[in-house]
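Here is a short note to read alongside the model. Please keep the sequence and the 3D view open as you go through the points.

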Amino acid sequence: MYFVSPSKVDDLPDSLPDQAYCLIISAPDDLKDLKVALASIAKRNPAWLAVDCQDPVSATLAYRLVAELLESAGSRIPLVLYSRPGKRKDLARAVDAHASQELEENASLYRTSIHSGGLLLEGIGDGILVESSDASSAASMALDLLQTTRIRLYRTEYISCPSCGRTLFDLQETTARIKSKTGHLKGVKIAVMGCIVNGPGEMADADFGYVGSAPGKINLYRGKEVVRKNIPSADADQELIDLIREHGMWQDP
Ligand code: SF4
């Protein structure tokens, strides 16, 4: 990957062995040269394009601008959301001047999630590239980003209410128990809600809902429709599994 300031793109040799480019945005003035730089890069038929900007707010703005310019030029260059560990504005350093390496890495990954997640929700980004010394955390963060932005569901999605005075069962324990039985169902969305007063309306687009209807009783939903009423909670997990099976979405673990 070639790192280059927008104003220096024209100085690069015409043919380069690696056809991925990363535009370095280190000052607001760099944005002024973006349009010309993108036109020049487009002529090189790049594999993909990224932006390197250490300030997350500026990076978001730069990515938006690049995406807009690519779209208005009718370009199909894949735009990769790139992030590398930062030093100057690291969140961990703001919290503790003596932050450990681990904290710095985590802060960097959190920053990446916030920045890249927001862009993905706006429909910007064809890929994610995270530089980190902790490859497994970076990979799992990238997968979590795809899951939470619903670009790719690679595991079961759960929606739970925050719980309140109306909650009719131990929400944390119940959610953990249901997760342990259904966590292998790739792409299935299950809502676990504490009461029928507000729960069904808050289940978003869950495929199945497990909702407290009375003390010790559960209603089950298929989408927004209640399909089993007042099941004893001792039977509700199995009834939920049976319901998922009936709709062809169950797989044996
Ligand atoms: S769904 Fe019911 S139990 Fe859960 S937070 Fe809302 S009102 Fe409370």
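**Notes on the fold**

1. Ala-20 stands opposite Trp-48 in β3. Strand β2 (residues 20–24) and β3 pair in the parallel sense, over five bridges. Two strands count as paired if DSSP finds at least two bridges between them. Strand β3 covers residues 48–52, and four of its five residues are buried, so the rest of the structure largely encloses it. Buried means under 20% relative accessible area, exposed means over 50%, and partly exposed is in between (1.4 Å probe, protein chains only).

2. A word on the source. This is a predicted model: local features need pLDDT of at least 70, side-chain atom pairs count only at pLDDT 80 or more, and totals for chains, interfaces and linings use all residues. Residues are numbered from 1 along each chain as its sequence is written, and side-chain values use heavy atoms, with hydrogens and water left out.

3. Now the whole chain. The protein chain has seven helices and 10 strands. These are DSSP runs numbered from the N terminus: helices are H or I with at least four residues, strands are E with at least two. Of the 253 residues in the protein chain, 42% are buried. The chain exposes about 13600 Å², and carbon and sulfur atoms supply 52% of that. Areas come from the Shrake-Rupley method with a 1.4 Å probe; for residues, only the protein chains shown count as cover.

4. Which strands make up the open sheet of five? Its order is β6-β7-β8-β9-β10, with mixed pairing. β6 (157–160) and β10 (225–232) stand at the edges with a single partner strand each, so one side of each has no neighbour in the sheet. From one strand to the next, the twist averages 20 degrees.

5. Look inside that sheet. Strands β7 (residues 189–193) and β8 (residues 208–214) run parallel and are joined by four bridges. Ala-191 stands opposite Gly-209 in β8. Helix α7 (residues 233–246) lies across β7, β8, β9 (217–222) and β10, and runs at about 150 degrees to β10. Axes are lines fitted to C-alpha atoms, for helices over the stretch in contact, and angles run from 0 to 180 degrees between N-to-C directions.

6. Is Lys-189 buried or exposed? Lys-189 is found in strand β7. Its relative accessible area is 14%, so Lys-189 is buried. Leaving aside neighbours within four places in sequence, Lys-189 is in contact with residues including Arg-150, Glu-157, Asp-205 and Phe-208. Contact means heavy atoms within 4.5 Å.

7. Next, the loop between β7 and β8. Gly-201 lies there and is exposed, with a relative accessible area of 63%. The C-alpha atoms of Gly-201 and Lys-224 are separated by 8.1 Å, though the two are 23 residues apart along the chain. Ala-204 is in the loop between β7 and β8. Ala-204 is partly exposed, at 45% relative accessible area. Its phi is near 50 degrees, a positive value in a residue other than glycine.

8. Asn-45 also deserves a look. Phi of Asn-45 is near 50 degrees, a positive value in a residue other than glycine. Asn-45 sits in the loop between α1 (34–43) and β3, and is exposed at 64% relative accessible area.

9. Last, the ligand. Among the residues around it are Cys-161, Cys-164, Arg-166, Cys-195 and Asn-198. A residue is near a molecule if one of its heavy atoms lies within 4 Å of it.
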